[in-house]
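Here's a quick briefing to read with the structure open beside you. Start with the overall picture, then zoom in on a few spots.

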Amino acid sequence: MRPEAATSMSIQTTPSQDISDLIARCALRDRAAFRVLYERTSAKLFGVTLRILKDRSEAEEAIQEVYVKVWQRADRYVAGNTSPISWLVAVARNHALDILRARRPVSEDIDVALEIPDGGPSPERAVQDSQDRGRIDHCLGTLEPDRADAVRGAYLDGYSYEELASRYAVPINTMRTWLRRSLIKLKDCLSA
Amino acid sequence: MSTSDDNSEQVDGRNALVAEHVLGLLSASEHERIGRLIENDPALRSERDFWVSRFAALNAEYEETPVPPYLYAKIEARAFGDVVRAGRRTSWWDSLALWRSVAAGALAVAVAAVGFNLLTPRFDADQVAVQLVAALQAQEGSGVEFLAVYDQGQGEVRITSLKGAAVPEKDFELWYINGDQPAVSMGVIPVDQRLQIPLDEATRAQIEPGTVLAVTLEQAGGSPTGVAQGPIVAVGSAIPI
């Protein structure tokens, strides 16, 4: 049913390597590589812009901008930090979120005083991409169900604190506190 | 306002700002500010990558959806079109705006060019012919300037150097270009003497008001490929006199 199924034989052998090579070749201004990269990844990235923007024509406009960015920023992809497809999804997701963010009314930053601690968080060693679905599901499972869903909604749908607060019918400050504590718990679990 | 839980978080010295940034929960101004902090701090970048890669496990929930086929051509036009405009190294021939901007400068020397023209021995007063002049002005401090006159009746371009000196092991090469067409060589030119360049029929038809003349510094004997390779040292567009 999915259009990629018929053409995914080579992808299945070493999908990550293939996409990584294509991005590297885009950095070298290889237009043919860009087309192949687009053919292999655009359905996924379109799914991202569509889900976050929830409007087909906006998502179509966004996907164009996303691939222009991919072409322009291909040299910034560093293999090893994140998997290539995760990087592409992040470009698409961040672009869609930028669009939503620019549209939102300027709200007061309640926690302007909240600074990142001086020492910064302890560096994560050997950060590796974890496509392992089980791990994040397990850790989200340690949170209360509502809070886990709120984290998912923030990530997958790009919901703001305001939208989450109204979805779960709690005051916005409560939602912030929920989310922040959840994220700290999540980090402990994911780092364990 | 602080609850005891908030206090314990402060004592713990931790907060969730990087994760909030990755999730996109911060306001536009905070998002930008924290984004800068992250970019400038390896430890924060590492934490950002941690979150990006862990949340990436949720990406499977994004449903693949085929993009309408007509979009790709638009993407190529935008992606590759931008590169041509932004990429300085593609070709200086693309810089038509620069060239056109010197047309006004050419006008300033038109009077001088008329004088130059009158002094040329082969000037034929009986012939009413189109004459064009181009002042090829120095680019990027090259210190090289030429004046070119095209006489349609004679079917030749006369070029003389106004300023500049020969460069060892190099030659100056003259080119003409019309609109978006590729540059065409008119041959190697000296800097210390006036040169008459006879044009064939096809070339004569190409030289018209607005045609850009340019001089590049090429390897001795001129560009071997027929495509300009060296830096542009003088440029101007042809105007009627």
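Take the contacts in chain A between residues at least 6 apart in sequence: 60% of them join residues at least 24 apart. Chain B has its own figure, with residues 24 or more positions apart accounting for 64% of the contacts at a separation of 6 or more. Keep in mind that this is a predicted model.

**What the chains are made of**
- Chain A has nine helices and zero strands, so to speak a run of α-α-α-α-α-α-α-α-α when you read along the sequence.
- In chain B, the secondary structure comes to nine helices and nine strands.
- Of the 192 residues of chain A, 35% count as buried, while in chain B buried residues make up 34% of the 241 residues.

- The average pLDDT of chain A is 82, and 76% of the residues score at least 70.
- Residues 1–13 of chain A stay under 50 in pLDDT, and the model has eight contacts for them beyond four places in sequence.
- Residues 118–130 of chain A also stay under 50, and here the model has 26 contacts beyond four places in sequence.

**Val91(A), a spot in helix H5**
- You'll find Val91(A) in helix H5 (residues 84–103) of chain A.
- Is Val91(A) buried or exposed? It's buried, because 20 other C-beta atoms lie within 10 Å, and 20 is the cut-off for that label.
- Leaving aside neighbours within four places in sequence, Val91(A) is in contact with Val66(A), Lys69(A) and Val70(A).
- Val66(A) is 25 residues from Val91(A) in sequence, yet their C-alpha atoms are 6.7 Å apart in space.

**Helix H6 of chain A and its two sides**
- Helix H6 (residues 133–141) of chain A has Ile136(A), Cys139(A) and Leu140(A) buried.
- Those three cover an arc of only 100° around the axis, so they sit on the same side of H6(A).
- Turn to the other side of H6(A) and Gly134(A), Asp137(A), His138(A) and Gly141(A) are exposed.
- What do the buried residues of H6(A) pack against? In chain A, the partners are helix H7 (145–157) and helix H9 (172–191), and from chain B there's helix H4 (42–55).

**Helices H3 and H4 of chain B**
- H4(B) also meets helix H3 (residues 28–39) of chain B: their axes come within 6 Å and cross at roughly 110°.
- Leu37(B), Ile38(B) and Glu39(B) make the contact from H3(B), and Leu44(B), Arg45(B) and Arg48(B) make it from H4(B).

**Strand E4 of chain B and its partners**
- Strand E4 (residues 170–177) of chain B is mostly covered, with seven of its eight residues buried.
- E4(B) runs antiparallel to strand E7 (residues 212–219) of chain B, and eight bridges join the two.
- Within that pairing, Trp175(B) has Ala214(B) in E7(B) as its bridge partner.
- E4(B) also pairs with strand E5 (residues 184–189) of chain B, in the antiparallel sense and over five bridges.
- Here the bridge partner of Tyr176(B) is Val184(B) in E5(B).
- The hairpin of E4(B) and E5(B) has six residues between the strands, and Gly179(B) takes a positive phi near 55° in it.

Notes. Residues numbered from 1 in each chain as written. Chains lettered and ligands numbered in written order. Predicted model: local features only at pLDDT ≥ 70, side-chain atom pairs only at ≥ 80, totals over all residues. Helix = DSSP H or I, 4+ residues; strand = E, 2+ residues; numbered from the N terminus. Buried ≥ 20, exposed ≤ 12 C-beta atoms within 10 Å, placed from the backbone. Contact = placed C-beta atoms within 7 Å. pLDDT = per-residue confidence, 0-100. Arc of directions from axis to C-beta. Pairing = 2+ DSSP bridges. Axes fitted to C-alpha atoms, helices over the stretch in contact; angles between N-to-C directions.
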